[in-house]
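The sequence and the structure are shown first.

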Amino acid sequence: MTSRVAIVTGGTRGIGKAIAVALKNAGHKVAANFAGNDEAAKAFSAETGIRAFKFDVGDFKSCQDGVGQIAKDLGPVEILVNNAGITRDGTMHKMSFEQWQAVIDTNLGSCFNMCRAVIDGMRQRGFGRIVNVGSVNGQAGQYGQVNYAAAKSGIHGFTKALAQEGAGKNITVNAIAPGYVDTDMVRAVPPPVLEKIIARIPVGRLGRAEDIARGVMFLVADDADFITGSTMSINGGQHMY
Ligand code: CAA
């Protein structure tokens with residue numbers, strides 16, 4: 001297997017951490033991006049030996065600089081996993097413009113910012129694997145999440161468009177749509193609401209971060225070059241799409 005340079009955004013906690021660790025265990029050189037939680041990033045690096053790079057994926061210039069730094073330290077980026085995401089839940093009639101904008105910038109704007117920073121190199125070298133982490137809530141909608149559902153749904157369209165552009169250059173672009181996974185983000189859902197959601201998952205449990213990492217590893221493999229523009233739903237059967 002060829003060892004490749006990989007970036008995982010939001011890679012020091014939750015789903016991103018599991019993806020970063022799986023990539024490292026497969027022999028890749030991994031950079032884990034994070035935005036704010038220095039303590040968690042420090043603990044992550046100490047535990048995994050994976051370097052963490054702090055920059056805001058919602059900001060175009062920060063991504064240019066961050067990816068430049070990673071390329072300098074580890075080499076040209078060949079695998080990009082756009083995983084970073086936030087929630088700012090609230091019903092439409094209570095949602096502020098700031099709640100809307102923050103989620104659009106971080107969850108969807110980040111895909112543009114990061115892909116724009118790596119795409120020229122991938123095109124020149126004739127190899128790239130991009131995986132964008134969407135959500136079941138981008139496929140099905142979710143009460144209290146017009147911002148998040150719009151951003152995640154946008155990711156699925158973004159993926160299909162970029163897949164068409166990358167196809168002739170051996171750059172595959174796929175999405176994973178996780179269901180409810182046992183992470184800090186999902187644990188923040190009010191318990192009575194979460195109980196009802198879990199009751200609607202046929203497999204009968206929340207997902208594990210490793211369940212999502214397994215899908216990423218499948219999609220980034222060198223010989224996954226015929227798989228592009230697809231969405232892999234990993235949701236315990238909650239939504240079959
Ligand atoms: N469908 C229909 N009605 C619903 C509902 C639903 N899913 N959820 C809540 N309601 C109703 C309530 O029953 C309540 O009705 P009454 O006033 O008649 O009693 C009304 O809406 C108001 O509900 P809340 O009291 O919960 O309203 P709130 O303003 O305090 O909170 C909320 C609203 C922030 C949306 C809260 O319900 C919430 O956090 N819901 C969870 C949203 C969610 O699932 N987020 C996912 C986060 S994890 C994630 O996003 C990861 C991923 O990709 C899967």
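The axes of helix 1 and helix 9 cross at roughly 50° and come within 8 Å. Axes here are lines fitted to C-alpha atoms, for helices over the stretch in contact, and angles run from 0 to 180 degrees between N-to-C directions. On the side of helix 1, the contact is made by Gly-14, Ile-15, Ala-18, Ile-19, Ala-22 and Leu-23; helix 9 contributes Ala-209, Glu-210, Ile-212, Ala-213, Val-216, Met-217 and Val-220. Contact means heavy atoms within 4.5 Å.

The model is predicted: local features need pLDDT of at least 70 and side-chain atom pairs count only at pLDDT 80 or more, whereas totals for chains, interfaces and linings use all residues. Residues are numbered from 1 along each chain as its sequence is written, and side-chain values use heavy atoms, with hydrogens and water left out. Helices (H or I, at least four residues) and strands (E, at least two) are DSSP runs, numbered from the N terminus.

Helix 9 itself spans residues 209-220, 12 residues in total, and reaches 17 Å from its first C-alpha to its last, close to the 16 Å expected at 1.5 Å a residue. That expected span is 1.5 Å times one less than the number of residues. Which residues of helix 9 are buried? They are Ala-209, Ile-212, Ala-213, Gly-215, Val-216, Leu-219 and Val-220. These residues lie on the same side of helix 9, because they cover an arc of only 160° around the axis; the arc is that of the directions from the helix axis to the C-beta atoms. An α-helix has 3.6 residues a turn, so residues three or four places apart point the same way. The face turned away from the buried side of helix 9 carries the exposed residues Glu-210 and Arg-214. Buried means under 20% relative accessible area, exposed over 50%, and partly exposed in between (1.4 Å probe, protein chains only). The cover over the buried residues of helix 9 includes helix 1 (14-25) as well as strand 4 (79-82), strand 5 (128-133), strand 6 (171-178) and strand 7 (231-234).

Ala-209, in helix 9, counts as buried because its relative accessibility is 11%. Apart from its neighbours within four places in sequence, Ala-209 is in contact with Gly-14, Ile-15, Ala-18 and Val-181.

Lys-24 belongs to helix 1 and, at 37% relative accessibility, counts as partly exposed. With neighbours within four places in sequence left aside, Lys-24 is in contact with Val-30, Thr-48, Gly-49 and Ile-50. Lys-24 and Ala-6 are 18 residues apart in sequence, and their C-alpha atoms are 8.9 Å apart in space.

Arg-4 is in the segment before strand 1 (5-8). Is Arg-4 buried or exposed? Arg-4 counts as buried, at 11% relative accessibility. Beyond its neighbours within four places in sequence, Arg-4 is in contact with His-28, Lys-29, Glu-78, Ile-79, Phe-127 and Asp-222.
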